[in-house]
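Here is a short briefing on one chain.

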Amino acid sequence: MQFHHHGYVSGDPRVAPAAGTGLDRPADLPDEMDVLIVGSGPAGMLLAAQMSQFPSVTTRIIERRDGRLPLGQADGIQPRSVETFQAFGFAERIVAEAYNIAYMNFWGPDPADPSRIVRTTRTEDYALKISEFPHLIVNQARVLDYFAEAAAQGPARITPDYGVEFVGLSRDDEQEYPVAVRVRHTVGARAGEERTIRAKYVVGCDGARSGVREAIGRKHVGEFAAHAWGVMDVLVNTDFPDWRTKCAINAQAGNILHIPREGGYLSRMYIDLGEVADTDNRAVRATPIEAIIGKANDILHPYSIDVKQVAWHSVYEVGHRVTDRFDDVEDGDGRTPRVFLTGDACHTHSAKAGQGMNVSMQDGFNLGWKLGHVLTGLAPESLLSTYSAERQPVAQQLIDFDREWSSLMARKPGEISDPQELSTYYLATAEFPSGFMTQYGASAIVGDDGHQALAAGFPLGKRFTSVEVTRVSDGNVVHLGHHARADGRWRVYAFADADATALADWAARMTAPDSPLSRATPAGADVDAVFDVKVIYPQSYDAVDIAAVPGLFLPKTGPLGLTDWEKVFAAGPSGWNTVDIFTERQIDRAGVVVVVRPDQYVAAVLPLSAPDELTAFLDGAVHIPAKENSAV
């Protein structure tokens with residue numbers, strides 16, 4: 001990580017200097033704010049961490065609980081989420097404490113004695129094949145802790161306002177703060193007290209029973225499946241040999257999805273409780289833990305578990321629902337969205353595909369930088385309409401995937417013709433559960449695919465897939481994408497031509513006073529405050545003459561005007577880097593520009609020789625002032 005560019009730092013460099021609203025943040029919830037986040041779940045806490053990078057924006061987050069979540073229900077962390085943690089600066093620490101899923105084993109009835117189970121397949125986990133990031137298991141509460149730390153240590157110093165409950169809202173576009181929100185204090189001396197606060201934007205991160213969703217009249221569309229599952233986090237002694245390996249178990253007595261958890265001892269079990277009658281009236285949800293444990297032992301025969309402690313348990317019926325829209329406006333009504341829904345507030349499904357927390361966090365990542373850009377004048381309000389347009393199709397894909405996966409998991413042995421079918425499906429669909437299948441369509445912030453062939457390995461609208469490169473200044477091999485932090489900036493990667501003549505012309509054009517990069521820079525800010533521009537040369541790092549690198553890629557930053565040496569990279573194999581990013585990502589060696597959004601999705605692929613096309617795209621994606629208002 002980079003620091004010291006604002007002067008010597010002797011403390012924790014992860015703690016950014018307070019700025020803007022973080023300098024004198026009032027302890028009490030103010031009467032007016034720019035953004036109100038309702039709920040401190042995964043989407044809400046990621047959103048708070050992102051908004052903390054915009055200290056000129058007043059953001060508050062309310063939570064009806066009286067403190068942090070002590071025990072979360074979600075625990076599966078997909079590779080895309082770990083990639084996101086990297087951007088927020090805590091991937092390495094959470095990986096160290098999490099359980100890493102290396103294999104998933106599949107069990108079925110023993111052909112010689114179908115009352116007994118045997119291992120049928122042992123498979124490497126999909127994360128090992130498609131990402132440099134692992135597939136993890138860690139308590140949701142710890143994920144929220146890390147995001148809370150990022151929010152509190154960001155420039156805006158955002159911390160949750162605990163003990164404050166959402167009651168309702170109304171909207172009046174004639175007001176500077178159009179959304180009036182009724183809240184109630186739930187703890188302490190003010191318990192029961194209600195008041196009205198006002199916000200420019202409200203984000204409902206308040207779960208499946210979302211009050212925000214109800215307040216804006218949005219509806220969950222879908223239904224519950226007639227199948228119930230018990231889930232429990234347990235500490236046990238057992239003779240089951242795969243207790244510390246993720247397993248899908250299909251037996252005559254039912255099904256289990258078994259997932260070891262962090263710490264080396266704890267495990268989670270999803271236990272099939274069978275079909276639910278129409279007349280059940282949710283009585284199955286009162287199934288006692290003793291019955292769930294007994295069912296688990298029936299399924300595991302001839303093995304058994306001796307439960308020493310139950311950390312948590314619940315019973316749920318599988319539901320697959322998605323909200324009709326993720327904001328408070330209708331297409332064509334001409335209004336700007338003011339209220340948004342994220343996470344379980346707008347999509348619910350089973351827990352067995354390990355997607356709920358992961359997709360919810362990507363909701364928050366998608367929306368956060370957009371709110372920040374609109375409220376700081378970097379983008380028009382129309383940008384906010386892309387949130388629902390981009391995330392609702394992703395939620396529907398999730399519902400469709402989860403419905404199929406849940407159906408496969410719930411089958412009886414007699415309904416399975418191929419014992420390998422579940423493991424085959426698990427691996428064949430790996431890109432979706434990993435979080436890498438999301439692809440946003442063309443819009444003001446995702447360009448057309450006219451030049452996609454120039455960098456076929458960076459598909460437009462999909463997340464930027466990192467590759468190792470060599471940093472020219474010191475010869476260290478680093479992942480190009482890991483250098484990008486969740487700081488609200490766009491990334492512009494210039495892949496140089498062989499003799500760098502096109503690169504030199506492009507750099508000269510981009511440093512001209514009328515270029516979008518120059519015009520976007522606010523007065524007094526670093527030249528890379530909005531667009532973080534990097535270059536990747538096709539040669540080996542020792543063949544690059546850093547003295548000949550255009551100044552665009554060696555900017556002077558911070559109040560001391562120090563040179564940033566970490567924007568120049570080489571692709572050619574050298575030392576212990578044997579990977580060539582040009583080959584890996586099918587990049588045209590005549591030179592290509594790849595533009596990446598603040599949430600890590602590829603926005604544009606353009607020829608290095610066509611700076612005017614880049615100018616046109618950036619002028620449409622970012623609110624860039626005219627030349628006379630430029631900081632240059």
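Helix α1 (residues 42-51) is mostly covered, with ten of its ten residues buried. Buried means under 20% relative accessible area, exposed over 50%, and partly exposed in between (1.4 Å probe, protein chains only). Helices (H or I, at least four residues) and strands (E, at least two) are DSSP runs, numbered from the N terminus. The model is predicted: local features need pLDDT of at least 70, side-chain atom pairs count only at pLDDT 80 or more, and totals for chains, interfaces and linings use all residues. Residues are numbered from 1 along each chain as its sequence is written, and side-chain values use heavy atoms, leaving out hydrogens and water.

**Helix α1**
- Among the buried residues of α1 are P42, M45, L46 and M51.
- Contact means heavy atoms within 4.5 Å.

**Nonpolar cores**
- The largest nonpolar core has 112 residues. Such a core is a set of buried Ala, Val, Leu, Ile, Met, Phe, Trp, Tyr and Cys residues joined through side-chain atoms within 4.5 Å.
- This core lies between domain 1 (20-89 + 139-221 + 321-398) and domain 3 (452-621), because both give residues to it. Domain bounds come from an automatic or database domain assignment.
- F531 is one of the residues with the most contacts inside the largest core. Beyond its neighbours within four places in sequence, F531 touches residues including W490, P516, L517 and I624.
- A second, separate core of 27 residues includes Y440, V594, Y601 and V602.

**R519**
- R519 lies in helix α13 (residues 516-520). R519 counts as buried because its relative accessibility is 9%.
- The side chain of R519 makes a polar contact with the side chain of D619 (3.1 Å). A polar contact is a pair of N or O atoms within 3.5 Å; within protein, one must be able to donate a hydrogen and the other to accept it, and residues adjacent in sequence count only if both atoms are side-chain atoms.
- A polar atom of the R519 side chain also lies 2.8 Å from the backbone oxygen of D514.

**A three-stranded sheet**
- An open, antiparallel sheet runs in the order β3-β7-β4. Two strands pair if DSSP finds at least two bridges between them.
- β3 and β7 (residues 136-137) pair over two bridges. I77 stands opposite L136 in β7.

**Whole chain**
- The chain has 15 helices and 27 strands.
- Buried residues make up 58% of its 632 residues.
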